[in-house]
Amino acid sequence: LTPSRPTSPSLIPSLTPLLKMPRLHSELARETFAYAAAFLALHFVCRTLSHYASPTFRRCSPSDKAYWAASMVSTVNAVAVAAVAIQVFVTEPGLTALADDLHASVPELESWGGFFLGYFVADQLGNAYWWREWSGVEATTVHHVIGMVAYWRVLTGGFGHFLAARGDHSVCEPEMVLAKAGWSGTLAYKANGVVLVLGWLALRILLFGWALSQRASEQVAELDAPNAAIMYFAFAGGYLLQWFWGYKLLRGLLKALGVVGKSGTRDAKAL
């Protein structure tokens, strides 16, 4: 599959089956609701399995149990996001071409749009319910709101797919589970932190920064004012959050390695 700007079928008939019109709001809303419900159901499945499988889980407070289950759900989402991103990168050899055209489309992203948005909705419901007990919910809420608004416009507007193609979901989900299980001083815990920090630097700082420097980002100025404002807000807010969380993750890794202070358990929640 090659990233393709919608073109007249008479000019390139062979590409016609691969091109999709921007998603309808009603269709995307139904899919988002369905996936959000599925993620909430998965949350309770994870809580139930953890209750029977882990003595550590049973000793946790109600809010920590919810956080534990949310981390497990986020891991499932991370695997799915990474799989889709890898598929896009493998089957779409023109990643540079994708970043050269604001209106280039990626069928995989259109197909998985409800899945991405459904996770945001389900996870944000947990953030809202446990607002006083969970740490970092303010920044996570900003991230989720930006993500929901930007993804919705990207998918229904038919532009900006190059931004949604980042396979940058974090791998920090096991961190809280490992820490609660008393593994914060183990090699597995430290290795998870090293992989997370390096992956964050490569995907959320460097790749995101590269995407923002490409022609597709410059073409945002050609959009109508409301859509351009949404995209610029997503650029600025999203990228600043990546630096903010990157700093916290690096600080958490240095603590885990004994370079500074005492290791914590929640320098970053699954995104």
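Colleague: What makes helix 6 stand out in the lining of the largest pocket?

Modeller: Helix 6 gives the most to that lining, with six residues. Please keep in mind that this is a predicted model. The pocket itself has a volume of about 270 Å³, and it is lined by 16 residues, of which Leu-40, His-43, Ala-122, Leu-125 and Gly-126 are the closest to its centre. Two or more lining residues come from each of helix 1, helix 3 (62–91) and helix 6 (113–129).

Colleague: How do you know that a residue lines a pocket?

Modeller: A lining residue must have an atom within 4 Å of a point of the pocket, and 16 residues are counted as lining the largest one.

Colleague: How many helices and strands does the protein chain have?

Modeller: The protein chain has twelve helices and zero strands, and the pattern read along the sequence is accordingly written α-α-α-α-α-α-α-α-α-α-α-α. Of its 271 residues, 49% count as buried.

Colleague: Why is Ser-54 called buried?

Modeller: The relative accessible area of Ser-54 is 14%, and the cut-off for buried is under 20%, so Ser-54 falls into that class. Ser-54 is placed in the loop between helix 1 (25–53) and helix 2 (55–59).

Colleague: Why is Thr-186 called partly exposed?

Modeller: Its relative accessible area is 27%, and partly exposed covers what lies between the buried limit of under 20% and the exposed limit of over 50%, so Thr-186 belongs to the class in between. Thr-186 sits in the loop between helix 9 (174–180) and helix 10 (187–212). Its C-alpha atom is separated by 9.3 Å from that of Ala-256, although the two residues are 70 residues apart along the chain.

Colleague: What makes Leu-257, Val-259 and Val-260 a patch?

Modeller: Members of a patch need over 30% relative accessible area, and nonpolar side chains are joined within 5 Å. Together, Leu-257, Val-259 and Val-260 form a nonpolar patch on the surface with about 240 Å² of accessible area.

Key
Residues are numbered from 1 along each chain as its sequence is written. This is a predicted model: local features need pLDDT of at least 70, side-chain atom pairs count only at pLDDT 80 or more; totals for chains, interfaces and linings use all residues. Side-chain values use heavy atoms; hydrogens and water are left out. Patches are made of residues with over 30% relative accessible area and no salt bridge: like charges are joined within 9 Å, nonpolar side chains (Val, Leu, Ile, Met, Phe, Trp, Tyr) within 5 Å. Accessible areas come from the Shrake-Rupley method with a 1.4 Å probe; for residues, only the protein chains shown count as cover. A salt bridge is a side-chain nitrogen of Lys or Arg within 4 Å of a carboxyl oxygen of Asp or Glu. Helices (H or I, at least four residues) and strands (E, at least two) are DSSP runs, numbered from the N terminus. Buried means under 20% relative accessible area, exposed over 50%, partly exposed in between (1.4 Å probe, protein chains only). On a 1 Å grid over the protein atoms alone, a cavity is a set of points where a 1.4 Å probe fits but cannot get out, and a pocket is an open set with protein on both sides within 12 Å along at least five of seven lines; lining residues have an atom within 4 Å of a point. Grid points are joined across faces, edges and corners, and a volume is the space filled by probe spheres set on the points.
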